[in-house]
Amino acid sequence: MLYQRSSALFAEAKNYIPGGVNSPVRAFNSVGGTPVFIKKAKGAYLWDEDGRKYVDYINSWGPAILGHAHEAVVEAVKKQAEKGFSFGTPTELETEIAKVIVEGVPGIDKIRMVSSGTEACMSAIRLARGFTGKDKIIKFRGCYHGHADSFLISAGSGAATFGMPISPGVTQGTAKDTLLADYNNIEQILSLFEKNHGEIAAVIVEPVAGNMGCVLPENNFLTHLKQICSTNGALLIFDEVMTGFRLAFGGAQEVYNVEADLVCYGKVIGGGLPVGAFAGRSEIMDHLAPIGDVYQAGTLSGNPIAMAAGLTTLEILRDNPTIYLELKNSTSQLAIGLGSILNQKNIPHTINRKGSMMSLFFQVSSVSNFKDASEANHSLFNHFFHHMLKEGIYLPPSGYETWFISKDITEEEISKTLEAMEKLEY
Ligand SMILES: *Cc1c(COP(=O)(O)O)cnc(C)c1O
């Protein structure tokens with residue numbers, strides 16, 4: 001049996017942890033089978049508990065952009081750990097990382113650190129409400145902004161995978177303040193602003209969506225959102241938890257040349273440790289406690305070990321901008337290779353990609369929103385996923401997720417991936 005030890009570990013985990021996992025998409029519920037338990041990772045590769053080796057296209061769901069256990073990051077973490085783990089006081093490191101980010105990213109003056117992307121997005125929404133004095137927010141179907149109550153309305157990622165876009169436990173009171181629109185649909189945004197005149201605090205959007213699979217903004221979608229928000233006194237919030245420091249150092253704001261009012265970060269920003277952050281202009285950020293009246297706090301916010309990992313990762317990205325070009329090239333090589341194999345096999349498909357994010361949708365001709373993504377053939381994706389896993393290629397275990405390419409995925413790994421793809425039968 002290929003996954004003998006993983007199966008035993010999963011059975012044991014289920015006795016003590018709901019569903020055996022600490023985050024739902026890890027459970028393989030949508031693709032079926034037993035999740036693979038990973039023992040270690042280095043560079044482009046994962047090793048499971050049964051001793052099998054995989055080329056990794058999840059990269060911790062985004063953070064490991066430099067590949068796993070990058071030496072400089074490991075060194076920074078070790079060095080900081082020897083000085084103590086957490087003090088509950090300000091540290092110089094926090095200013096250092098804030099400076100690197102504020103100087104490298106368009107349109108932001110100040111940044112506040114938290115411990116997850118969820119925290120970043122929920123804090124940004126509170127700040128937007130406090131700043132504007134309005135209650136309602138608009139989010140897009142299939143976008144995921146973490147698991148805070150306001151966002152679990154037609155959400156992407158695991159919520160989409162498990163067909164539970166509106167979670168029990170979210171009150172009617174909360175749900176009524178979250179308005180929904182389809183991704184890439186400006187008409188719907190205009191009509192929501194008209195119907196809820198003067199009541200909308202913010203529009204939150206993944207500037208390149210990654211939680212319904214990878215879906216790109218079309219027809220100057222982001223520029224239009226910015227204009228509509230400005231006209232109506234609402235804030236535009238870019239949730240760059242996935243795209244920040246990944247599409248470019250300045251994220252989607254830099255790539256699409258649109259400045260949001262607030263920006264949320266996570267994933268890459270912590271270099272693999274639990275970090276999130278939200279940022280914006282001083283006039284907005286200064287509404288936060290202790291100088292402003294919008295409360296927000298965290299015992300482990302700005303944790304020194306996490307800051308050391310994040311700072312080292314960001315400095316490497318900032319000082320080696322060719323990494324972004326290399327990532328883009330490997331991703332396009334992979335996408336073009338996969339596309340031509342699928343064409344040879346007469347399997348209709350769409351591949352969406354931007355920078356080092358990509359997704360493969362089976363049997364649809366284009367994917368611009370959640371409805372398109374859900375019309376893809378997900379059972380074929382699941383078959384494909386298990387074939388690739390057996391061949392030593394680790395893809396996200398759901399057709400509603402994005403593949404992340406790391407700097408350590410080079411021609412060798414891409415060739416391996418394409419060879420595995422050649423063997424796909426269906
Ligand atoms: C992952 C993700 C989040 C949530 O971040 P967590 O660290 O898992 O809480 C929020 N928004 C987007 C766009 C994400 O991809």
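In the predicted model, Thr 350 stands opposite Phe 361 of strand β12. The two strands concerned, β11 and β12 (residues 357–362), run antiparallel and are joined by six bridges. They belong to an open sheet of three strands, ordered β11-β12-β14, with antiparallel pairing. Strands β11 (349–354) and β14 (403–404) form the edges, each pairing on one side only.

Two helices are placed against these strands. Helix α12 (residues 322–344) packs on the sheet and touches β11, β12 and β14; the direction of α12 makes about 175° with that of β11. Helix α14 (residues 378–390) lies across β12 and β14 and runs at about 120° to β12.

One cavity of 30 Å³ or more is present in the structure, and the volume of the largest cavity is about 30 Å³. The lining of the largest cavity consists of Leu 360, Phe 361, Phe 362, Ala 376, Asn 377, His 378, Phe 381 and Gly 399. Two or more lining residues come from each of β12 and α14, and β12 provides the largest share, three residues. Classified by residue type, the lining has five nonpolar and three polar residues, with no charged residues.

The C-alpha atoms of Thr 299 and Val 114 are 9.2 Å apart in space, while the two residues are 185 residues apart in sequence.

Note on methods: Residues are numbered from 1 along each chain as its sequence is written. This is a predicted model: local features need pLDDT of at least 70, side-chain atom pairs count only at pLDDT 80 or more; totals for chains, interfaces and linings use all residues. Side-chain values use heavy atoms; hydrogens and water are left out. Two strands pair if DSSP finds at least two bridges between them. Helices (H or I, at least four residues) and strands (E, at least two) are DSSP runs, numbered from the N terminus. Contact means heavy atoms within 4.5 Å. Axes are lines fitted to C-alpha atoms, for helices over the stretch in contact, and angles run from 0 to 180 degrees between N-to-C directions. On a 1 Å grid over the protein atoms alone, a cavity is a set of points where a 1.4 Å probe fits but cannot get out, and a pocket is an open set with protein on both sides within 12 Å along at least five of seven lines; lining residues have an atom within 4 Å of a point. Grid points are joined across faces, edges and corners, and a volume is the space filled by probe spheres set on the points. Ala, Val, Leu, Ile, Met, Phe, Trp, Tyr, Cys and Pro count as nonpolar, Asp, Glu, Lys and Arg as charged, and the others, Gly among them, as polar.
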